[in-house]
Amino acid sequence: MALPQELVTEFNELCTHYPEKRAALIMTLHRCQEELGGWVSPEIMEDLAAYFEMEPVEVYGVASFYPMFRMSPPGEHVVSVCHNIACELRGAPEILKKVCEVTGASVHGTSSDGRFTVETVECQGACTTAPMFDLDGVYHEELTLESVEKILGGLS
Amino acid sequence: MIPAGETYLLNRVENQGSETLASYREHGGYIAIEKILEENTPFDQVIEEIKDSGLRGRGGAGFPTGLKFSFMPDPEKDPRPRYLAVNADESEPGTCKDRILLREDPHGLIEGILIACRAIRADAAYVYVRGEYRKEYDNFFAALAEAREAGLVGKNIAGSGWDCEIWTHKGAGAYICGEETGLMESLEGKRGHPRPKPPFPAGFGLWGKPTTVSNVETLFNLPFILNRGARWFRTMGTENSPGNILCGISGHVERPGVYEVPLGIPARTVLEEYAGGVWKGRKLKAFFPGGSSTGLLPAASIDVPMDHDGLKEAGSMLGTGAIMVLDETACTVRAMEVVARFYDHESCGQCSQCREGTQWLYQIFKRLENGQGKVEDVELLDSLAHGMAPGKTICALADAAAIPTHAIVRHFKDEMMEHANLGRCPLSHDHQLDEQREPAEAGA
Amino acid sequence: MTTIQIDGQDVEVDATKPLVHALHTNGTDVPTYCYHPGLSAVGSCRICQVEVAMGDGPGRVVVACRTPIAEGMKVFTSTDKAHAVRRECLEFLLKNHPLDCPICDKAGECDLQDFSFAEGQAEGRSSEPRRNLDKRKSLGDVIVLDEERCILCSRCVRFMEEVPKTPQLTVSGLGARSTISTFADRPLTGNYQGNLADVCPVGALTLKKFRFQARVWNLRKTPSTCGECSRGCSITNEVLRSNELKRIRPRYNGDVNEWWMCDAGRFSVDRHPLEGRLSGALIRGETGLTTAPARVGMERVADALRTHAKPVVLGSAWLTVEEGQALVDLSKLLGVEARFVAPGPNDLADDLLHTGDPCPNRRGLTELGLTAIDSAQALEAIAGTEAAVLIGERVLETIGAEALTEVPATVRLFSFDTVALDAPALRAALGVPSSIERDGHWVNVDGHRGMLTIARPAPADVASIVQSIEELSSRLSPAETSGGATS
């Protein structure tokens, strides 16, 4: 597999922002995850290694460090529920339970119909609007059990 | 000594289109940097003004900003490229203030960045935005494009002949990348492992070049200081902690939100007058004054002044000024289980004491909360926290886990012992549904 | 040189190296895990903490591996505080470390075990379950990884990046969930993997070949030189009481190999078996080759040399300088050219250690005046004479068993080698000690001397090569040699 040309063009421009090309690696990992299946596959790591003239193992070391990079394919939708202290104080455990109930996925798992992956995440910076989850890159804040049902149930 | 009332930080965020260049200009934006460029104000004069203002870093460490800027080497002696790294990684639990500035007033940050770059004579700035802040990143990115187009960023800024580039960059979910050297490693495309110091960033920073790392809110203050002067800045706050801060307050309060307050304001005032007091008519039990790393203080400390000295005297720290409130039904052991779990998750793993210690602390708090704790665990927690910090590790994440551990042992030992003796959490409750706050009562 | 104080003593130290180097060269026992003098210093394990003060200032705790030397620095390695911080650090390291010593190959040479014994608590305070990870993860043909034992010092990662310069390992994940990994479970490649077992301070990375083979305290260690190429890395031969060579490890040599050696050398253990060795002599009689005492074989060789003009005498490329000199003397006595058979270059040459030239002493022998010839030239010489004597280990292998079997029986062929060859031309074969059973030295490609030391006795009735050659010389009285300088 090779990186799609549009991405390569984008990456070439991105690299001009830095005195050393390799600095763009994390930005490119984000873009690959966004555009190529929602996770960072071994193929993506090999392609990026070739692009940056690094060894695949070095790309792997970087990708595996950051919680936002998924190392296995997710469901259609990813629900990231914050379970840190401000959200805990505003009922995060119940929200998490509700999310699992509505989606049919267990925590750090994917529902059997492949629609939802549910994960817990650390503080997302929505403490004064807790509790929250991030759904496919969008924050949903001040959640209630009802709003969880509405937001997730309402997805096509 | 604390005059209530004068605000400047959040004055523009409610404006329609506040994130646009037009709106920023309308409200006096870019005047400070344009003046500096027009008058060719010497860099050291800019630094002097910042030093005189007494501005201290708003990212958690509270280091005097002017002093930090003065650490950069003389370009005559060290002609290598030089950088400003803007820390928009905001991941300290409880903290959500930089987010507002990035999203609602990005031009204010851009101007602050330009002023800082001028002061430290940097060629370029990199704005490291945490990966989860997508809207914030997009708004800032759009503002940057506007600024570039208007000739305010890039080559020959405002026709002055000065070149300064600003680039955006994303993080990917690691708290440790908010540590200044972890941030630099991450920006260079590597694992976010903090670097041993020395060398310090001003001597060896991004790609080994002189670098200053500054927090978003810190830089955001600069246009105000340069426009209105250090003397004006010192009319707010306290002697050693001048200015206003964005104080977030969350947890068991009626009106959680981010409020602009003068430094030195009593925590009680923030709680009662800004956040509407403890919710549901309940009593205060405990609170984190400045993010999870600052540790719990008991209700009796609620009159503590929210500034660097006041909180230090109370045995805690200002940190990011993110207050998190626990009411009488909350369990401090459960709170620490959650907090310890966070540090276990975020330790980069380099230092033996932190890698193993953060996990160990979490395991003990978890057992204690779930009824499998022993009386000896209380002493053990304190002892482990002592083995982790201070000054024994590459960075302060170990301290960030150790300090709240010491704090709960100091202030809530009885509650911890009760857990051990009872063999369960004495406050075990099911987080009833009626504790959910109605969306209509949303704070700022 | 700069003067600092270590535990109250003024010492002169090398200011270009970190403090930990000064401590170690002055006999101070501060443990190190992530620090290795041949790799970059990262300051991550924190075990080398000591207290340092400048002048009369207060002491502060630093990691010695990342502390630069400063004139007038005062270092305190043994204060209560210094002991306490190292002990605390150790406790954290032992918290997840499995209690594997009874089954771990590293026991007896484990830095973690050593420091635990010296400084640690008798009892652990953790009642938490330890990490549950892969205890025998194959990393290819050479190395097996025990993830539970790993203390994440990252020496292995840095070794691959900095020494052979082939990054193949990384720390994956973060925090207490980190493990050492290759990419996509690929096996390690390259000729330097064995060094990973040396650099690993604990028993996380171990050699598959050495797994459960021996307890290291039962190994008798002798310094020597590797014989697999002309680099001549300094090594240690490690032999069990049974005299079996169990392990070869590199020995530090600043001029040649520093701390490293290649796998071709490390695993040349297989070159020195105890069984199948030629003891005494084998003589060809009517029924074939039969055993005989060495002196009988010696007489056969001497007789052939006395009888035939222009015999061919060829040394092996593994002869030491001392043996080479003896061969030069014998050749002069016989009035023939002094030559040795050199195997051709192999494809193992690299930018690091391996030269690609299998001869450990090409330079030494050549400087003595011996001429190197290849196996084809050797065969030609043998076929064109009436008496040929081959002296030294691996000479039969170098010339080639098949080719030697083709040599017509009209040639009287003799060999002094570690093994014999039942070729029709072979009249007698005598045993020699292998390179781990001899004293002497080789000269490497750059002119550095590599000493050989006897690691175990040679088989019975096997004399040293120098003795055998001198024995031959003495049996050839000057008056009886033909083809001497006078005729």
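Colleague: Leaving aside its neighbours within four places in sequence, which residues is R103(B) in contact with?

Modeller: Bear in mind that this is a predicted model. With neighbours within four places in sequence left aside, R103(B) is in contact with E19(B), K135(B), E136(B) and N139(B).

Colleague: How far apart are the C-alpha atoms of R103(B) and E19(B)?

Modeller: They are separated by 6.9 Å. Along the chain, R103(B) and E19(B) are 84 residues apart.

Colleague: Which helix does R103(B) lie in? And why does it count as partly exposed?

Modeller: R103(B) is in helix α5 of chain B, residues 98-104. It has 19 C-beta neighbours inside 10 Å, so it counts as partly exposed. A buried residue needs 20 or more.

Colleague: Zooming out. What is the secondary structure of chain B?

Modeller: Chain B has 16 helices and nine strands. Its radius of gyration is 22 Å, close to the 22 Å that the globule rule gives for 444 residues, so chain B is as compact as a globular protein of that length. The C-alpha atoms fill a box of roughly 70 × 45 × 35 Å along the principal axes.

Colleague: How much of chain B counts as buried?

Modeller: 60% of its 444 residues. As for contacts between residues at least 6 apart in sequence, 71% of those in chain B join residues at least 24 apart.

Colleague: What domains is chain B divided into?

Modeller: Domain 1 is 21-233, domain 2 is 244-327 and domain 3 is 332-422. The C-alpha centres of domain 1 and domain 2 of chain B lie 28 Å apart. Twelve residues from domain 1 and 15 residues from domain 2 make up the contact.

Colleague: How do the residues on the domain 1 side of that contact divide?

Modeller: On the side of domain 1 of chain B that touches domain 2, there are three nonpolar, four polar and five charged residues.

Colleague: Now the cores. Which residues touch the most other members of the largest nonpolar core?

Modeller: A85(B), V86(B), I113(B), V270(B) and F287(B), in a core of 247 residues. Helix α16 of chain B, residues 397-422, gives the largest share, ten residues. Apart from this core lies another, of 55 residues, including V301(C) and L334(C).

Colleague: Back to F287(B). What is it in contact with, beyond four places in sequence?

Modeller: F287(B) is in contact with L296(B), L297(B), I302(B), I323(B), M324(B), V325(B) and L326(B).

Colleague: Chain C next. How many helices and strands are there?

Modeller: Chain C has 13 helices and 23 strands. Of its 487 residues, 47% count as buried. The C-alpha atoms of chain C fill a box of roughly 90 × 50 × 35 Å along the principal axes.

Colleague: Which residues are buried in helix α3 of chain C?

Modeller: In α3(C), residues 111-119, L112(C), F115(C) and S116(C) are buried. They cover an arc of only 105° around the axis, which puts them on the same side of α3(C). On the other side, F117(C) and A118(C) are exposed.

Colleague: What covers the buried residues of α3(C)?

Modeller: The cover includes α2 of chain C, residues 80-96.

Colleague: Last one. How many residues of chain C are in contact with chain A?

Modeller: Eleven residues of chain C, in contact with nine residues of chain A. The chain C side divides into six nonpolar, five polar and no charged residues.

Terms used. Residues numbered from 1 in each chain as written. Chains lettered and ligands numbered in written order. Predicted model: local features only at pLDDT ≥ 70, side-chain atom pairs only at ≥ 80, totals over all residues. Buried ≥ 20, exposed ≤ 12 C-beta atoms within 10 Å, placed from the backbone. Helix = DSSP H or I, 4+ residues; strand = E, 2+ residues; numbered from the N terminus. Arc of directions from axis to C-beta. Contact = placed C-beta atoms within 7 Å. Rg over C-alpha atoms; globule rule 2.2 N^0.38 Å. Nonpolar A, V, L, I, M, F, W, Y, C, P; charged D, E, K, R; others polar. Domains from an automatic or database assignment. Core = buried A, V, L, I, M, F, W, Y, C linked by C-beta atoms within 7 Å.
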